[in-house]
Amino acid sequence: MDDVVIQTNALTKTYESGSNSVHALRGIDLTVHRGEFIAVMGTSGSGKSTLMNVLGCLDTPTSGNYLLDGVHIETLDKNQLAAIRNEKIGFVFQGFNLLARTSALENVELPLLYDRSGRKRDTKAMAIAALGRVGLGDRLNHQPSELSGGQQQRVAIARALVTEPALVLADEPTGNLDSRTSIEVMALFQALNEQGITVVLVTHEPDVAVYAKRIVEVRDGRIRRDAPVKNRHNAAEDLAAAELLPDDDLVAGPSAADAAAGGGASTEKAAAVSSGERSVA
Amino acid sequence: MKLMTLVKLALQAIRKNKMRATLTMLGIIIGVAAVIVMVAVGYGARSRIKEQINNLGTNMIVITPGASTQGGVSQGAQAFATLTIDDVTKVRAEAQYVTAISPVVVSRMQVVTPQGNWRTAINGVDTDYQTIRNWAAADGAFFGPDDVRSSRTVAVLGRTVAQRLFADNEPVGQEVQIGNVPFTIVGVLAPKGQTASGTDSDDVILVPYTTASTRLSGKPRIPQIIASAGSAQDIPAAQDEVRALVREAHHLTQNDDDDFTVKNQNELADAAASSTNVMTLLMAAIASISLLVGGIGIMNIMLVSVTERTREIGIRLAIGARGSDVLTQFLVESIVMGVIGGAIGLLTGVIGAKVLGHFTGWETAISPLIMVVSIGFSGAVGVFFGYYPARKAAALNPIEALRYE
């Protein structure tokens with residue numbers, strides 16, 4: 001059991017709105033082991049956001065069991081959930097969600113200030129280390145408005161890492177980024193995953209999901225598919241390949257990249273949507 | 001989170017909206033400044049009144065007729081002229097704690113000299129009067145016991161009267177006609193200035209009370225007797241003694257109420273100060289309303305702030321802040337806002353009081369206590385009016401807060 005980070009058993013979530021109830025989750029059984037990199041996919045309304053909220057301990061399930069890093073979440077009260085979020089989960093959001101007019105360092109330091117275990121002493125040094133890990137050691141005192149989107153997201157990732165959580169939960173982390181920056185961020189996630197960090201990525205973009213090791217597809221509140229990623233992409237290699245191309249082609253051009261790559265297409269879906277440089281597998 | 005971190009956070013938040021924070025604090029600033037100025041001026045006014053009353057005389061006791069009950073109906077002070085010269089004689093003869101005593105027979109009359117004429121108060125007094133009032137003649141001399149005993153027509157002029165009647169000439173030795181009776185001026189009193197109520201103490205002529213009652217008014221009764229106790233500590237004993245002796249002189253039995261009133265000058269001072277107390281109270285009420293309005297302003301801005309920062313609250317909750325953490329954060333912010341407002345108000349008030357004192361010549365005094373209280377009260381306003389918005393912030397659902405645009 002030690003290497004199991006997430007284990008859910010018949011997890012359901014029902015929202016009552018007036019007389020009718022909405023079944024957002026209808027029984028989710030999911031196990032995530034330490035060191036996994038999972039992409040939770042689904043269209044809007046599929047229940048993936050609800051799943052992410054429950055997995056992130058922002059919401060409690062209506063029924064079923066959720067074991068996170070050995071802790072039964074369904075029995076916890078609000079304050080205990082806050083403590084679990086603080087200690088065991090690192091969040092990365094689509095909109096970065098950094099505090100405006102607050103330096104990168106202070107943003108990353110923030111979770112440590114809410115730590116009640118008393119273990120985290122030198123919060124500043126820890127924050128500096130976390131920013132170093134995401135390659136922003138030279139941007140400590142920059143405010144979010146002085147950073148690019150990709151840099152902001154890296155600050156957010158540093159904030160997620162600083163507490164050394166059991167799980168990094170990323171909700172559409174590339175949704176507000178251009179495709180090149182998206183690959184950079186995914187490269188960072190892959191690198192962190194290589195270092196042993198468990199990542200759960202929620203996305204609706206197949207070409208982002210291909211960087212994960214395993215894809216869990218949610219539809220109508222149930223897991224429809226749960227399979228390892230065939231032809232997993234390496235974001236670092238994709239970036240290296242992209243370096244050879246003019247910037248315009250990064251976003252638009254499929255043809256040149258296809259030629260350069262020799263067409264190592266991954267899944268049907270991924271290949272269809274992915275831009276050229278990513279097909280270099 | 002540590003308190004210092006919270007205060008720093010609050011200051012950051014306030015600095016982000018300087019203009020708004022300043023306007024919000026304005027209510028508190030005005031309220032506190034008003035309190036400080038009012039208390040300072042009120043205190044100054046009170047001490048001024050006390051000083052003026054003390055200027056009246058030395059360890060003075062005042063006996064006035066009245067405050068008697070006639071057939072169950074309270075008559076109020078001075079309703080009946082019940083004091084007589086026998087009361088004075090008895091007290092002078094038998095009292096141990098009373099060192100000086102003098103009746104005061106008051107009338108207003110037209111006075112005439114060849115140089116001019118004037119209407120003024122004619123006080124018939126005994127020679128002890130100058131001791132009790134600590135008021136000696138600057139030119140010439142006060143009339144003596146012989147003058148009193150023989151009801152001589154001699155007069156001592158107050159400084160104002162002397163100026164009115166004689167301008168620059170020397171009045172001592174000249175004559176003044178009071179009513180139709182010519183009086184010889186034997187002295188001019190030292191100037192004493194205004195009384196607490198603003199009347200001119202120096203606008204008076206003193207004559208022997210015997211002369212006043214026989215030659216001028218013919219009144220056998222006395223509207224006021226003033227006396228001096230040996231020392232400040234003796235005042236209560238002297239008061240009791242006078243009361244007992246006058247009761248005896250008036251043949252009052254145990255069941256009778258006093259038909260006269262004995263007061264010391266401190267009581268007179270308190271009575272005079274009570275009117276300023278009412279004013280101070282009124283101003284304090286106005287200031288409290290200002291603080292209340294200021295508090296509502298803080299509440300309003302904190303509510304706006306909570307709405308504006310819904311996303312921030314969501315982030316904090318998501319990364320592990322408890323509801324209580326958020327509550328404390330916003331509460332500290334409103335407290336800091338209140339205290340800063342209070343501090344600025346205090347500074348404004350102190351400067352205002354000084355400026356007002358400088359231009360009006362009023363004495364102002366600011367006690368450290370009122371400073372501490374006003375700052376503390378501002379903080380309390382912050383707590384009281386910040387609690388509801390803070391509570392609202394703490395109760396936010398992290399999911400909805402994060403989604404808030």
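Hi everyone, let me start with helix 1 of chain A, residues 48-55: eight of its eight residues are buried, so this helix is largely enclosed by the rest of the structure. Before I go on, please keep in mind that this is a predicted model.

Who are those buried residues? Reading along helix 1 of chain A, we have A:K48, A:S49, A:T50, A:L51, A:M52, A:N53, A:V54 and A:L55. After the helix comes A:C57, and the phi of A:C57 is positive, near 60 degrees.

Staying in chain A, let's turn to the sheet. How many strands form it, and in what order? Six strands make an open sheet in chain A, ordered 6-7-8-3-9-10, with mixed pairing. At the edges sit strand 6 (89-92) and strand 10 (222-228) of chain A, each of which pairs on one side only. From one strand to the next, the twist averages 20 degrees.

As a quick reminder, strands of a sheet pair through backbone hydrogen bonds, and they can do so in parallel or antiparallel fashion. In our sheet, take strand 3 (residues 37-41) and strand 8 (residues 199-203) of chain A: they run parallel and are joined by five bridges. If you'd like one pair to find on the screen, look for A:I38, which stands opposite A:V200 in strand 8 of chain A.

What packs on this sheet? Helix 5 (residues 149-161) of chain A does, touching strand 6 and strand 7 (167-171) of chain A. The direction of helix 5 makes about 170 degrees with that of strand 6 of chain A.

Now over to chain B, which has 13 helices and 12 strands. Of the 405 residues in chain B, 42% are buried. Looking at contacts in chain B between residues at least 6 apart in sequence, 81% join residues at least 24 apart.

My last stop is a pair of helices in chain B. Helix 1 (residues 3-16) packs against helix 11 (residues 323-360) of chain B at an angle of about 65 degrees, and their axes are 9 Å apart. That angle makes the two helices of chain B roughly perpendicular, and the crossing is right-handed.

Which residues make the contact? From helix 1 of chain B they are B:L6, B:V7, B:L9, B:A10, B:L11, B:A13 and B:I14, and from helix 11 of chain B they are B:T328, B:Q329, B:V332, B:E333, B:V336 and B:M337. Sorted by class, this contact between helix 1 and helix 11 of chain B has 10 nonpolar, two polar and one charged residues.

Key. Residues numbered from 1 in each chain as written. Chains lettered and ligands numbered in written order. Predicted model: local features only at pLDDT ≥ 70, side-chain atom pairs only at ≥ 80, totals over all residues. Pairing = 2+ DSSP bridges. Helix = DSSP H or I, 4+ residues; strand = E, 2+ residues; numbered from the N terminus. Axes fitted to C-alpha atoms, helices over the stretch in contact; angles between N-to-C directions. Contact = placed C-beta atoms within 7 Å. Buried ≥ 20, exposed ≤ 12 C-beta atoms within 10 Å, placed from the backbone. Parallel < 35°, antiparallel > 145°, perpendicular 65-115°, else oblique. Left-handed = near helix turned anticlockwise from the far one by under 90°. Nonpolar A, V, L, I, M, F, W, Y, C, P; charged D, E, K, R; others polar.
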